[in-house]
Amino acid sequence: MKINVIGGGVVGCIQAIEFKRLGFDVAIYEKNNIGSGSTHSAAGIMYPLLPHLYDVEVYDFIHDSKTYYSILNKTIFELFDIDIEYFKSGMLVNIEDLKPLEEWLIKKKIEYNFKDYNGLTGIFIDDVYQINPKKLISGLFKYIKYLGIHIYENHHIKLNTKKQFTDDLNNVINGDKFVLTAGAWTSELNNQLSGKIYPIKGQLIEFENTSGLHLQHIIYKNNFYLLQRQNGSLIAGSTLENVGFNEDLSNDDLMMLREKAENIMPELKRHKVLNHWYGFRPGSKDNIPIIQQDSDNLNTFYNVGHFRYGISMAPATTKKLVNLL
Ligand SMILES: Cc1cc2nc3c(=O)[nH]c(=O)nc-3n(C[C@H](O)[C@H](O)[C@H](O)COP(=O)(O)OP(=O)(O)OC[C@H]3O[C@@H](n4cnc5c(N)ncnc54)[C@H](O)[C@@H]3O)c2cc1C
């Protein structure tokens, strides 16, 4: 069976890997470069920021993806010497009312304690991992190539009036099944999904670290987080903007993110912002992805709408889709 995966973000790549493992002939079509969508822009926190506010399905998808990442981490390192920087850093959550989070952790039997960082007291959850999304993409790209998955970058796929998928030259793409993993752009390929999957822009900044600053854990404080990459740089974010595919990067947003970061770590006042970027998350109601077969085109399936947690959820959602085929 030939399966075409449309969209080469983290979901499409892991989806393709899982099909290939089952022995299918698999191709990925990507309109730009592998990983260049939301995946490239992410912070890489592998946990819901305020888990008690989400439907249990979101936590379960993330939880069920953990083992996959620890194996993928080893595999990519052994095969290609790429460290995707998947490691347990823990997360300190500082919000006004900690009680609901504490109750949720007790109910889920998740270990936690109270910790202080620079005068910020909050709940510390130890079992929280992070990853470097850009490194993950480099690793996934090499891995899908290594597995013999056909990769078609710079192929913008469209649906024609006969409900066939075509490339930029209007050639029909042949295959037995089509799996759409086109992230925030999915409704271009199926207008029934517009309104259900929509872009939510997010901006992040990255501080240089020339003075050996060390942030042991992810810090979350009132809709804002700060974390450290393994090269020492610090990532701060993010915005949540319902502005369509508006690509503007404003200095006001940069300053707002900088101020919040300095509020947590005053030493950052002496540090330059190296990078400022945005991405379009595939927004969905309650952050619950749509994983289903198309009701009209029975050869078409969707795995889309991972919103804020697509990297963390991808392995478990791809497994759910494999079971639908
Ligand atoms: C600022 C920010 C911070 C984030 N932080 C985190 C985090 O800490 N943890 C976490 O788990 N998640 C985080 N996310 C969310 C995460 O990035 C997304 O949920 C995830 O990347 C979605 O993956 P995807 O593969 O569905 O989409 P994408 O990565 O967007 O991939 C979809 C791909 O499909 C391609 N495509 C679209 N249409 C077509 C077409 N017609 N033909 C061919 N190709 C097409 C696009 O070019 C794109 O590459 C963050 C996102 C942002 C923006």
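Notes on the predicted model

1. The largest cavity is lined by Met46, Ile62, Ser65, Lys66, Tyr69, Tyr86, Tyr129 and Ser312. Please keep in mind throughout that this is a predicted model. By class, the lining of the largest cavity divides into five nonpolar residues, two polar ones and one charged residue. The volume of the largest cavity is about 40 Å³, and the structure holds one cavity of 30 Å³ or more.

2. Which residues are the closest to the ligand? They are Glu30, Thr39, Ile45, Phe307 and Ser312, out of 39 residues that surround the ligand.

3. A polar side-chain atom of Glu30 lies 2.7 Å from a ligand oxygen, while from the backbone of Gly310 an N or O atom lies 2.9 Å from an oxygen atom of the ligand.

4. Asn94 belongs to strand S4, which covers residues 91-94. Is Asn94 buried or exposed? With a relative accessibility of 13%, Asn94 counts as buried, because the cut-off for that class is under 20%. A polar atom of the Asn94 side chain lies 2.7 Å from the backbone oxygen of Thr121. Leaving aside residues up to four places away in sequence, Asn94 touches Leu120, Thr121 and Gly122, and also Tyr220, Lys221 and Asn222.

5. Ala27, in strand S2 (residues 25-29), has a relative accessibility of 0% and therefore counts as buried. Apart from residues up to four places away in sequence, Ala27 is in contact with Lys2, Ile3, Asn4 and Val5, as well as with Ile149, His150 and Tyr152. From Ala27 to Ile144 the separation is 117 residues in sequence and 9.7 Å in space, taken from C-alpha to C-alpha.

6. Phe280 is placed in strand S16, residues 273-283, and its relative accessible area of 5% makes it buried. Beyond residues up to four places away in sequence, the contacts of Phe280 include Ser38, Ala184, Trp185, Pro199, Ile200 and Lys201, and they also include Gly244, Phe245, Asn246 and Glu247. Phe280 and Ile157 are 123 residues apart in sequence, and their C-alpha atoms are 19 Å apart.

7. Gly237 and Ser238 are joined by a cis peptide bond, with omega at about -5 degrees. Ser238 is in the loop between strand S15 (234-237) and helix H7 (251-264).

8. Two residues other than glycine have a positive phi and can be considered side by side. Glu85 has a phi of about 55 degrees and sits in the loop between helix H4 (66-80) and strand S3 (87-88); for Asp286, phi is near 55 degrees, and the residue is in the loop between S16 and strand S17 (290-293). As to accessibility, Glu85 is buried at 8%, whereas Asp286 is partly exposed, with a relative accessible area of 47%.

Key
Residues numbered from 1 in each chain as written. Predicted model: local features only at pLDDT ≥ 70, side-chain atom pairs only at ≥ 80, totals over all residues. Heavy atoms only, no water. 1 Å grid on protein atoms, 1.4 Å probe; cavity = no way out; pocket = protein on both sides within 12 Å on 5 of 7 lines; lining within 4 Å. Points joined across faces, edges and corners; volume = space filled by probe spheres on them. Nonpolar A, V, L, I, M, F, W, Y, C, P; charged D, E, K, R; others polar. Helix = DSSP H or I, 4+ residues; strand = E, 2+ residues; numbered from the N terminus. Buried < 20%, exposed > 50% of the residue type's maximum accessible area, 1.4 Å probe, protein only. Polar contact = N/O pair within 3.5 Å; in protein donor to acceptor, adjacent residues only side chain to side chain. Contact = heavy atoms within 4.5 Å. Near = heavy atom within 4 Å.
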